[in-house]
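Q: Please take a close look at one part of this model and describe it in a single connected account. Keep to what can be computed from the atoms, and give the cut-offs along the way.

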Amino acid sequence: MSAPVMLGMPALPPTSPRGVGNLRGDEKFPVAARHALADTQLRRNLGKATGTIRAKRAQVVSEVPDWEELREAGRQLKVHTMARLPEYLAQFEGAVTARGGVVHWARDAAEANAIVLDLVQAKSVDEVVKVKSMATQEIGLNEALEAGGIAALETDLAELIVQLGHDRPSHILVPAIHRNRAEIREIFLAEMEDVDAGLTDEPAALAGAARQHLRRKFLSAKVGISGANFGVAETGTLSVVESEGNGRMCLTLPETLITIMGIEKLVPRWQDLEVFLQLLPRSSTGERMNPYTSMWTGVTPGDGPQEFHLILLDNGRTAVLADAGGRDALNCIRCSACLNVCPVYERTGGHAYGSVYPGPIGAILSPQLTGIEDNASLPYASSLCGACYDVCPVKIDIPSILVHLRARHTEAHAAAHRVPSAEATAMAAAAWVMGNPTRWTLALRGGRLGRALGRKRGVIGEVPLPVVKEWTDARDFARPPKQTFRDWWATERGRT
Ligand code: SF4
């Protein structure tokens with residue numbers, strides 16, 4: 001279903017029907033969100049799916065008596081690891097190498113993609129199977145492989161739906177959350193070779209069709225590609241958690257395994273997984289434990305892939321780490337609980353964010369990874385209600401980071417433009433008035449004039465003044481009271 005063009009808003013570029021194309025960084029989200037809000041089917045799909053996951057999460061979290069202690073343990077482990085990341089990375093590299101793995105370092109997406117392409121081409125194959133991975137989406141690996149003549153087949157069911165639909169993921173955990181069963185059936189019928197023409201939209205039938213489609217691919221694949229949920233510095237172990245078992249097929253059947261892991265995914269000790277493997281499934285899928293938790297350490301002769309390459313990806317992470325106000329975004333374990341509770345995400349969906357990481361975590365991570373000007377509207381894509389902070393299993397204070405990034409954006413804007421914006425001028429004037437008791441008292445008395453504007457409705461509607469207009473277009477101002485608090489105080493206490 002295509003969204004109608006909203007009057008007064010720039011149209012989305014035709015090359016990017018669900019995306020935000022080449023709009024300016026500060027325009028992207030508002031424009032795309034308005035288009036998404038007009039898509040009633042999308043909103044129905046999202047409301048139903050996020051509501052279901054929210055309820056499941058709330059139920060299984062309520063069963064854990066020490067949930068808050070677990071969250072605190074997760075937070076502290078992450079903060080500790082980030083504070084000593086270079087040391088743990090060196091330890092991790094040594095442990096992986098000692099167990100027969102080959103470690104590569106990639107400063108950015110281009111380097112990571114080039115390493116993977118070289119490794120795959122050296123195997124003389126034209127197809128690889130993939131485990132669902134946010135890191136590979138972040139670097140655009142599928143597109144890079146395609147440009148090199150290699151087809152990358154997504155094997156996670158939801159990712160497969162997205163790939164077959166020539167679509168983009170819209171949720172970290174449930175990439176096809178914007179699709180309903182009927183839409184998925186249509187995609188399968190149109191795109192899967194040998195699919196049963198009588199396919200129904202029953203979940204079991206759809207899963208069966210995907211299973212049949214994928215099984216042949218698993219058995220013939222020579223190279224598997226994955227991301228990683230965790231890497232253990234102490235042992236060199238990597239871990240992928242998933243619900244379907246397709247990931248495990250990719251991790252065990254091919255002769256060569258290539259894993260791309262963001263450098264922030266480390267935990268110091270094996271024992272630390274105990275905390276995260278309790279936090280993650282309850283927060284993400286609302287399950288008590290993951291159906292499939294795969295772990296591997298280097299190469300095991302005669303068992304699983306006999307060649308293992310690990311690519312450690314920076315791609316902006318060290319810059320995030322350097323910012324004390326924003327670095328906690330790196331603590332994320334990609335559970336997606338913050339997406340499912342976010343009132344903004346629930347109404348706009350993930351495509352409106354125009355970034356690989358949508359929702360509240362995307363709003364704080366993407367602008368930091370890409371540079372704030374590329375995703376300048378994302379820190380504003382929030383009501384700052386704090387629901388994301390409440391559910392985050394590692395207690396990332398997302399609202400505070402959003403405010404921090406808004407400040408960074410404002411400062412960057414001020415530095416780049418000699419003439420201050422209307423908003424900055426208004427704020428400077430407000431600071432001048434509020435910084436002096438006499439000025440503030442006079443301003444309050446003058447504010448009573450505003451009572452005349454709100455006489456009819458009891459609130460002040462649209463005010464055609466710069467900055468104020470933008471505010472009052474979307475919100476009403478409260479009508480000033482007859483008497484200010486200071487006046488009341490003076491009357492009651494007989495002081496001036
Ligand atoms: S920010 Fe927290 S709630 Fe959101 S995906 Fe990351 S770990 Fe989960």
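A: Leu384 belongs to the loop between helix H16 (359–370) and helix H17 (387–391); helices (H or I, at least four residues) and strands (E, at least two) are DSSP runs numbered from the N terminus. The model is predicted, so local features need pLDDT of at least 70 and side-chain atom pairs count only at pLDDT 80 or more, while totals for chains, interfaces and linings use all residues. Residues are numbered from 1 along each chain as its sequence is written, and side-chain values use heavy atoms, with hydrogens and water left out.

Because its relative accessible area is 33%, Leu384 counts as partly exposed (buried is under 20%, exposed over 50%, partly exposed in between, with a 1.4 Å probe and protein chains only). The backbone of Leu384 has a phi near 60°, a positive value in a residue other than glycine. Most residues other than glycine have a negative phi.

Leu384 is also one of the residues that line the second largest cavity. A cavity is a set of points, on a 1 Å grid over the protein atoms alone, where a 1.4 Å probe fits but cannot get out, and lining residues have an atom within 4 Å of a point. Besides Leu384, the lining of the second largest cavity includes Cys342, Pro343, Pro360, Ser382, Ser383, Cys385, Gly386, Ala387 and Cys388. The second largest cavity holds about 60 Å³ of space; a volume is the space filled by probe spheres set on the grid points, which are joined across faces, edges and corners. By class, the lining of the second largest cavity has seven nonpolar, three polar and no charged residues (Ala, Val, Leu, Ile, Met, Phe, Trp, Tyr, Cys and Pro count as nonpolar, Asp, Glu, Lys and Arg as charged, and the others, Gly among them, as polar).

A search of the whole structure gives four cavities of 30 Å³ or more. The largest cavity has a volume of about 80 Å³, and the space taken by the ligand is this largest cavity (a molecule sits in a cavity if more than half of its atoms lie within 2 Å of its grid points). The lining of the largest cavity is made by Cys332, Ile333, Arg334, Cys335, Ser336, Cys338, Ile361, Cys392, Pro393, Ile396 and Ile398. That lining has nine nonpolar, one polar and one charged residues.

The shell around the ligand can be described in the same terms. Among the residues around the ligand are Cys332, Cys335, Cys338, Cys392, Val394 and Ile396, a residue being near a molecule if one of its heavy atoms lies within 4 Å of it. By class, the ligand shell has ten nonpolar, one polar and one charged residues.

Two residues of this shell can be followed further. Ser336 lies in the loop between helix H13 (317–321) and helix H14 (337–341). Its phi is near 80°, a positive value in a residue other than glycine. Since its relative accessibility is 2%, Ser336 counts as buried. Ile396, in the loop between H17 and helix H18 (398–416), is likewise counted as buried because its relative accessibility is 3%. Leaving out residues up to four places away in sequence, Ile396 touches Asp328, Ala329, Asn331, Cys332, Ile364, Tyr389 and Ile401, where contact means heavy atoms within 4.5 Å.

For context elsewhere in the chain, Leu313 has its place in strand S10 (residues 307–313) and counts as buried because its relative accessible area is 0%. Its contacts, again without residues up to four places away, include Ala106, Ala112, Ile139, Ile260 and Met261. Ala106 lies in strand S1 (residues 102–106) and, at 3% relative accessibility, is counted as buried. Ala106 and Leu312 are 206 residues apart in sequence, yet their C-alpha atoms are 6.0 Å apart. Helix H4 (residues 85–98) contains Val96, which is buried at a relative accessible area of 0%.

Notes:
On a 1 Å grid over the protein atoms alone, a cavity is a set of points where a 1.4 Å probe fits but cannot get out, and a pocket is an open set with protein on both sides within 12 Å along at least five of seven lines; lining residues have an atom within 4 Å of a point.
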